[in-house]
Amino acid sequence: MNALTRLQDDFQRRVLGGDAAILDAVVGNATADAAERVGIYVHAYSARLVEALENEFLTLRFAAGDDTASEIFHAYVAATPSTLRNVRWYGKDLAQFLRTAAPWRDTPAFAELAWLDWAISVSFDAADETGIAEADIAVVPFERWGEMILRLPHHVRLHTAEWNVWQLRQARDRAQACPKLQRLEFPQTWIVSRQGLEVHYRQLEADEAVALEAVAAGHPFERMCEVLCDWHPQEEVALRAAGLLKAWIGNGWISGVELPTD
């Protein structure tokens with residue numbers, strides 16, 4: 001290992017873990033000693049990570065307030081060293097952190113808010129995928145419809161909320177006052193998706209939610225129809241399933257259809 005590489009490694013260890021080896025190679029002066037001079041870079045690194053989180057988790061900031069959100073982000077940075085070259089993905093574990101870390105786990109809505117913000121961001125950044133057309137379904141022999149496996153594109157995300165987090169997101173998007181966080185009487189399933197360069201989200205009807213969750217789990221169309229039987233008379237299920245499929249295709253929520261091979 002040459003001298004420059006050793007210096008770079010020592011500097012990185014100081015920034016990421018507080019190792020003191022680099023201080024022997026730094027010259028202090030009357031204004032700042034070695035630790036203070038290196039500390040400027042240590043602070044700048046963590047500040048950049050916090051800034052990235054502030055720009056990513058907008059609804060969480062809106063609900064928690066800037067001071068509490070800043071505490072959350074600084075705690076996450078302290079507990080979660082970055083292992084990625086691209087800071088864009090640094091916040092991927094924030095929701096899980098908020099579920100388990102004190103004192104944030106005592107406010108479970110914070111984890112839901114973090115998931116919401118991340119889902120919207122990931123949906124926007126997802127790779128472009130061409131949705132199927134109704135003609136792609138029409139070529140499937142009717143007797144094999146039950147075997148069809150529908151694929152969701154990567155920009156589609158499903159979330160079952162126990163708190164009114166989506167109401168807060170809507171209020172923020174509309175520049176309205178922040179509603180009070182409240183636990184919902186019944187859980188709600190919401191879908192996040194992208195059309196062109198715009199991310200959309202809406203609440204799903206209860207039967208549509210369970211049907212789409214069956215699709216997301218990789219179950220065949222037959223299974224989707226079975227779960228709809230819990231919501232509709234059997235003679236109405238086929239029509240409801242076909243209507244949902246038509247709407248999903250129109251929304252760009254289906255990226256592929258497959259039939260099992262022998």
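The sulfur of C229 lies 7.4 Å from the closest cysteine sulfur, that of C225, and is therefore too far away for a bond. A disulfide is here a pair of cysteine sulfur atoms within 2.5 Å, and the structure holds 0 disulfides. C225 is likewise in no disulfide, its nearest cysteine sulfur being that of C229. The two residues may also be described by burial, where buried means under 20% relative accessible area, exposed over 50%, and partly exposed in between, with a 1.4 Å probe and protein chains only. C225 counts as buried because its relative accessibility is 18%, whereas C229, at 37%, counts as partly exposed.

The model is a predicted one, in which local features need pLDDT of at least 70 and side-chain atom pairs count only at pLDDT 80 or more, while totals for chains, interfaces and linings use all residues. Residues are numbered from 1 along each chain as its sequence is written, and side-chain values use heavy atoms, with hydrogens and water left out.

The sheet is considered next. Helices (H or I, at least four residues) and strands (E, at least two) are DSSP runs numbered from the N terminus, and two strands pair if DSSP finds at least two bridges between them. An open sheet is formed by 3 strands in the order β2-β3-β4, with antiparallel pairing. Its edge strands are β2 and β4, each of which pairs on one side only. From one strand to the next, the twist averages 25°; axes are lines fitted to C-alpha atoms, for helices over the stretch in contact, and angles run from 0 to 180 degrees between N-to-C directions.

β2 and β3 run antiparallel and are joined by 6 bridges; T160 has T189 in β3 as its bridge partner. Helix α6 packs on the sheet and touches β2, β3 and β4, its direction making about 160° with that of β2. Contact means heavy atoms within 4.5 Å.

Strand β3 (residues 183-195) also pairs with strand β4 (residues 198-203), in the antiparallel sense and over 6 bridges. Here I191 stands opposite R202 in β4. The hairpin of β3 and β4 has 2 residues between the strands, and in it G196 takes a positive phi near 65°.

Helix α6 itself comprises 18 residues, 108-125, and reaches 26 Å from its first C-alpha to its last, close to the 26 Å expected at 1.5 Å a residue; the expected span is 1.5 Å times one less than the number of residues. The helix is mostly covered, with 14 of its 18 residues buried.

What joins these elements is packing in the interior. A nonpolar core is a set of buried Ala, Val, Leu, Ile, Met, Phe, Trp, Tyr and Cys residues joined through side-chain atoms within 4.5 Å. The largest has 36 residues, of which L60, F73, L94, L98 and W166 touch the most other members. Among the elements that give two or more residues to this core are α2 (34-56), α4 (66-79), β2 (157-163) and β3, and α6 gives the most, with 10 residues. A second, separate core of 24 residues includes F221, C225, V237 and L244.

Two loops complete the account. In the loop between α5 and α6 lies P103, and a cis peptide bond with omega of about 0° joins A102 to P103. The loop between α8 and β3 contains A175, whose phi near 60° is a positive value in a residue other than glycine. A175 is exposed, with a relative accessible area of 73%.
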